[in-house]
Amino acid sequence: MAPTTRTCVSPFLDPGPRTKANSLAIVQLSRDNLLPVYLQVPNGEHDGYAEGAVVNTRYGSFPHSTMLDVPWGSQIRASKVDTGSRGRKRKREADDQACREATAVSEKDEEPSAAGADRDGAAAVKQAVADSSGFVHILPPTPELWTTSLPHRTQVVYTPDYSYILHRIRARPGSTLIEAGAGSGSFTHAAVRAVYNGYPAEGQRKGKVFSFEFHEQRYQKMKKELSDHGLEGLVQLTHRDVYSGGFLVDGKSPEADAVFLDLPAPWEALPHLSRRRPQDMADTDGAAAGNGQQSWVSPLNPRKSVYICTFSPCIEQVTRTVSAMRRLGWVDIDMVEIANRKLHASRDRVGLNLNFDRGVNNSPRDVEEALARLAEIEARSREQAAKPRDADADEDMDLADEVGAPAKGNEARNGEHAPSTEETSTATAPWMEGRLITRGEPEIKSHTSYLVFAVLPMEWTEQDEAAAAAKYPVGKEQKVIGAIDKAARKQERRELLQKQQGGASRKARRKERDEKLGEISG
Amino acid sequence: MHSLIRPNAWVALKLPSGSTKVLQVTPNTTISLGKYGSFPSNLIIGRPYHLTFELQDRLPDENFSRLRVVPPSELYAEVFADEAAPGCEMPAAGATDTVISATDGEEFSLVDDDGNVVARSNREIIDESARQTLTQAEIEELKREGSNAGKDVIAKLLLSHTALDQKTSFSLAKYKLLKTKKYIRRFQVSPIDVANLAQWQLEERDASKILDMRAEMIGLLGCWGNVHFGGDDVLLEDPGATTAQGDEACVPVDRDLLRGRWLVVDDTSGLLVAAMAERMGILYETEDEGAHSSSEEHKEPTEPSAEQSSASAAENSQEPGSNPSVPAPATQQGSDTEMADAQAAPPENQGGKKPREQKPRASDFAIPYSQTNTITVIHGASQPNLSLLNYWGFDITSPNHPPHPLLNHLLTLSWLQLLKPELDTSYSTPPLTATPETLASWKPSRRGNFHRKRRRYARIRHIVDATRAGNFSGLVCASTMDPISILRHTLPLLAGGAPVAIYSPNVEALAAAADCFSVPRRTAWVGGGAPEIEGLSAEELERWPGNERFPLNPTLLQGVSIQTSRARHWQVLPGRTHPLMTERGGADGYVLTAWRAKPAEGKIAAKGKFKRRKVESEAVTPASG
């Protein structure tokens, strides 16, 4: 695709105000249930649906036509879609086809076209009819939504990790980033957003992600995804094993400012990420593929410090990686582990005079409530006991009383409090009852991976130093900054104050002069 | 950005003690590192970041310390020694150093220059009364001699420790580390970027000033707020308003041009704004020294800066005295051009794009702000507190600012200007007008004031109108104010599907906000459980003022969730890998995330079978969650 003639920006980077056809949208079914959908313009029956393409969920059926050209974030009502007869029809068709295939194999070639023509004939798209209940929301794609909804191919780098990584490796608009182990592409999408500063025109250098994946199938799927998402000019995906192949693209250096390695053995890839040909690499794997013996080209930006992050689940990997980094001259090596927790805010509803809804704990709220209830039961049983009764029945009653006391108490309480609940519902709405609490989720990702961060300073030679020394000669130092003692600071302050006063008087003088000038000219 | 240390750049000096010193590297000064010594600033200017420098001993004929770049092989000499096999006694590099090396997994030994073992650890005996034989005076003497960047002191200290041979390998390593931190005369220079500055603020300055916002939180806020480069600059055409024209000459806000804008409420002294600006590519000034081959990195921000420089040049000429370096004749010249310009303004100002050379000055009502890729800050005080932006060369209070990318991408307005602009004097007072003749008769200072007020009027008018036009791409907050009240007034301004990310140092405030969008509340709202909203239009519902039962319209946000993140740092050393014992910048923080929804009009019910007992939580399937 020629990037210069690009008219449509990736929906990840600028989704525009409304949903568009042939573009990715995220359908939010429930809070954490997201479904990526490529919206299609309905043209004729699709997959047996008269309405064209339809998204079927447990929350209803949603023809694409109802989700097209609406503002992002819109709540979409479910439609009445005939799913039942479609199923039967398809089954019949399948049976037919099976028969036909069994009888006449030669007919098979014509079959799809015939069916196609059939559908074209019935091209009139059925208008979607709103259902009485059910809805979803349609959201613009972001790396976060994509990460939670993407088709898993490998372990995914989730938002808590990638947000921290991108912050630490200084991925900024205009940066060039190397990513090895594209995997499922969650990090790729987040990285593109971070480095994006416009699509590059011909020969222009803009923020870009150089992504490497050695698994053929994942590479193909990723390639398709990137083109579907309009990220082609911004991500350069290469199918390669970086351990042996290194990071050059078409023999040229990507000039990376930051590196992210999600590989099982980062230390094998690290030697390729050097400023100069590392010594031991020549021994181990000789001429690294694509890197000629004579001219070793570094894939790193020679004019900047380069930041790196490696992502490894095991501590042994970390130890080897860190050791390799130290030998290759990386500094500021720091290993961290991110623990992310989601919190759920809810109402903790405990009390005797609450209704029997789900999530309500119908036990006493506090000691007072428990006491009141116990006293009540006690009083009632005393009342009962006081009533003159037949002796046999009385004994039975006592037994029944003891066993059934709580239930009875409940009933009595309900009977008594039913009207008062009605009253309170006007005062306190049910959603405002109880104490507001936050709780962690029952299942958490307690360990994702260890992140190793490091920095590789730019190369600094004797010549560079000599040039800098000539440009900034020493010996003309006037004052001291940094950790200076109190007396010196006070002295400085005094001088500064004097200067300011002097400045002010100069200002006043100038003002006077200006006014004079103004008078002359006016 | 950040390739070489430039003159007058703000940098962070990392000292062996682990502390950081943030200062501006002024050329021709002496930088003092306290007990570690001092050196001329010119020795680090023009050098790369992240190198480790060592203060060398003063040469006999010089009165300052020169610096030496410490190669990584030397930095990690001890670790390499640890890793080394028993066979090779000497580490590959740093052969001149006295290092502790592991001969096997258990025992550590101190080897001298010739590779002789001078001390050996012994696991059996741990002497509690281990002590240093060197007296304080002797140590001071050694320090004064200060040879070999403190390494001699450390070696001597270790050698004169009576119980050194009784220390375990671990305590020996620790002892050496302790002494190294204290005496080694090394430092490293890091650039001041958001990550470094935030860490410094958190660990060494006032953490409460930035609401204890740690790096994890900055990362989460940026990602969940979907903050990114919002498109190439689009500038409004100069209306070419003559000085006699008033309000009618203002450029109207064009909603279609407004894209890639983020709304911010920042009580972190500007750290949040800086973090967002960094993500949007508008925080750093471009480096003019052509270290970069990437031309467009310059190209994008130079255009606005050219625009701005002309504006500030104009201000220079109109406000004599504000720039003390301008000598008297120049001032006169300035007022001359100002007069000429004022008269010749209308014919000159046509077309948005003008040539760089001798560009005619923009008229008073020209809007300097880009329509895309902007940050709009709403502040509670009459002036925004963005003091931390000073570290990136941006001073919001400076009237005529040197070029900076934030100048035309950062818009600030107060809550009063947003919510009740008619009460704000600078917004509601109509602009001054004067015919060119009258203007020419005025004194320069009065004329300068006249232009300044008109410019301010046009800018505020634009900021307020553009903000009220809404359609923001996202909302990011880190505020001490109640998030519910912030959401009430900002939710209507967000575009559909726009993300919301709110940081708070405590979870209660966020929980209260999340509770406004709870499932029962929402169900009651859409299912007719709220008599107070009967008959309100969609527009009125969007601007729902809130009551006790429904503080916010619960249908305006989707997927409300709260999270917290925590990075745990580890020490990675051969045989001694474990999490750090203590960490600074301790307090937790929380982030609330959600998306702006556009609710369907009319009643809407979730799918599912449910008994109609009450307007209650069980009536809801997760569909509305």
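How many salt bridges are there between chain B and chain A? The count is 7, and keep in mind that we're looking at a predicted model. One of these links pairs A:R172 with B:D193, and their closest N and O atoms sit 3.1 Å apart.

Now step back and take in the whole meeting place. Chain B puts 132 residues into the contact, while chain A brings 118. Together the two chains bury about 10600 Å² between them, and carbon and sulfur atoms give 56% of that area. On chain B, the trio B:H50, B:W570 and B:K607 supplies 6% of the area that this chain buries against chain A, more than any other three residues.

First, find B:D238 in the loop between α7 (215-224) and β11 (259-266). Is B:D238 buried or exposed? It counts as buried because its relative accessible area is 9%, under the 20% cut-off. Its side chain has a polar contact of 2.7 Å with the side chain of B:S363.

Next, go to helix α15 of chain B, residues 483-490, where the buried residues are B:P483, B:I484, B:I486, B:L487 and B:T490. They lie on the same side of α15(B), because they cover an arc of only 160° around the axis.

Definitions and conventions:
Residues numbered from 1 in each chain as written. Chains lettered and ligands numbered in written order. Predicted model: local features only at pLDDT ≥ 70, side-chain atom pairs only at ≥ 80, totals over all residues. Heavy atoms only, no water. Buried < 20%, exposed > 50% of the residue type's maximum accessible area, 1.4 Å probe, protein only. Helix = DSSP H or I, 4+ residues; strand = E, 2+ residues; numbered from the N terminus. Arc of directions from axis to C-beta. Polar contact = N/O pair within 3.5 Å; in protein donor to acceptor, adjacent residues only side chain to side chain. Contact = heavy atoms within 4.5 Å. Buried area = accessible area lost by both parts, 1.4 Å probe. Salt bridge = Lys/Arg side-chain N within 4 Å of Asp/Glu carboxyl O.
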